[in-house]
Amino acid sequence: MTDFTDRQRGEEAKFAMDEETAFKVAARRNRLLGEWAAGLMNLTEEETDAYKKAVVQADFEEAGDEDVIRKLLGDLTAAESNVSEADIRTKLEEMTVEAKRQLMSES
């Protein structure tokens, strides 16, 4: 019975670690997306910092990436930037890879 309990604890610890890693990747990705979008909107350094935080916060509205995509698309459209939803989705995928790369290099 001890082996089963040990295995269960190990799997629970792995699940928790995987969830924490996924959260860190998403937060890093969202900061990178915010920085990219801020550059397209010609924001100042202070405005960029605030915008990156706002993009991270937007991800807490609902599960999945749609809330972040909606925020970026709305803000970029309001800033009269010529960026499509497809462009944002492509950049989201690129930034996910970059966020994972950055986190792996920090470990």
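Modeller: Gladly. Keep in mind that this is a predicted model. Start with Asp 59. Leaving aside neighbours within four places in sequence, Asp 59 is in contact with Ala 26, Arg 29, Asn 30, Gly 64, Asp 67 and Val 68.

Colleague: What makes those residues contacts of Asp 59?

Modeller: The cut-off is heavy atoms within 4.5 Å. Ala 26 and Val 68 are among the residues that pass it with Asp 59.

Colleague: Where does Asp 59 lie?

Modeller: Asp 59 sits in the loop between helix H2 (45–58) and helix H3 (66–78).

Colleague: Why is Asp 59 called buried?

Modeller: Its relative accessibility is 17%. Buried means under 20%. Therefore Asp 59 counts as buried.

Colleague: What makes the pairing of Asp 59 with Asn 30 a polar contact?

Modeller: The two side chains meet at 3.0 Å. The limit is 3.5 Å between N or O atoms, with one able to donate a hydrogen and the other to accept it. The pair of Asp 59 and Asn 30 is a polar contact.

Colleague: Arg 29 also touches Asp 59. Why is Arg 29 called buried?

Modeller: Arg 29 has a relative accessible area of 5%. The cut-off is under 20%, so Arg 29 is buried. Arg 29 is found in helix H1 (residues 2–40). Not counting residues up to four places away, Arg 29 also touches Asp 65, Leu 92, Met 95, Thr 96 and Ala 99.

Colleague: What about Ala 86: why is it called partly exposed?

Modeller: Ala 86 is at 48%. Exposed needs over 50% and buried needs under 20%. Ala 86 therefore counts as partly exposed. This residue is in helix H4 (residues 85–106). From Ala 86 to Leu 73 is 13 residues in sequence and 9.9 Å in space, C-alpha to C-alpha.

Colleague: Now the whole chain. How do you know that the pattern is α-α-α-α?

Modeller: The protein has four helices and zero strands. Read along the sequence, that gives α-α-α-α.

Colleague: How does the radius of gyration of the protein compare with that of a compact globule?

Modeller: A compact globule of 107 residues would come to near 13 Å, but the protein has 17 Å. The C-alpha atoms fill a box of roughly 65 × 25 × 20 Å along the principal axes.

Colleague: How many of the 107 residues are buried, as a percentage?

Modeller: Buried residues make up 33%. Asp 59 and Arg 29 are among the buried ones.

Technical notes
Residues numbered from 1 in each chain as written. Predicted model: local features only at pLDDT ≥ 70, side-chain atom pairs only at ≥ 80, totals over all residues. Heavy atoms only, no water. Helix = DSSP H or I, 4+ residues; strand = E, 2+ residues; numbered from the N terminus. Buried < 20%, exposed > 50% of the residue type's maximum accessible area, 1.4 Å probe, protein only. Rg over C-alpha atoms; globule rule 2.2 N^0.38 Å.
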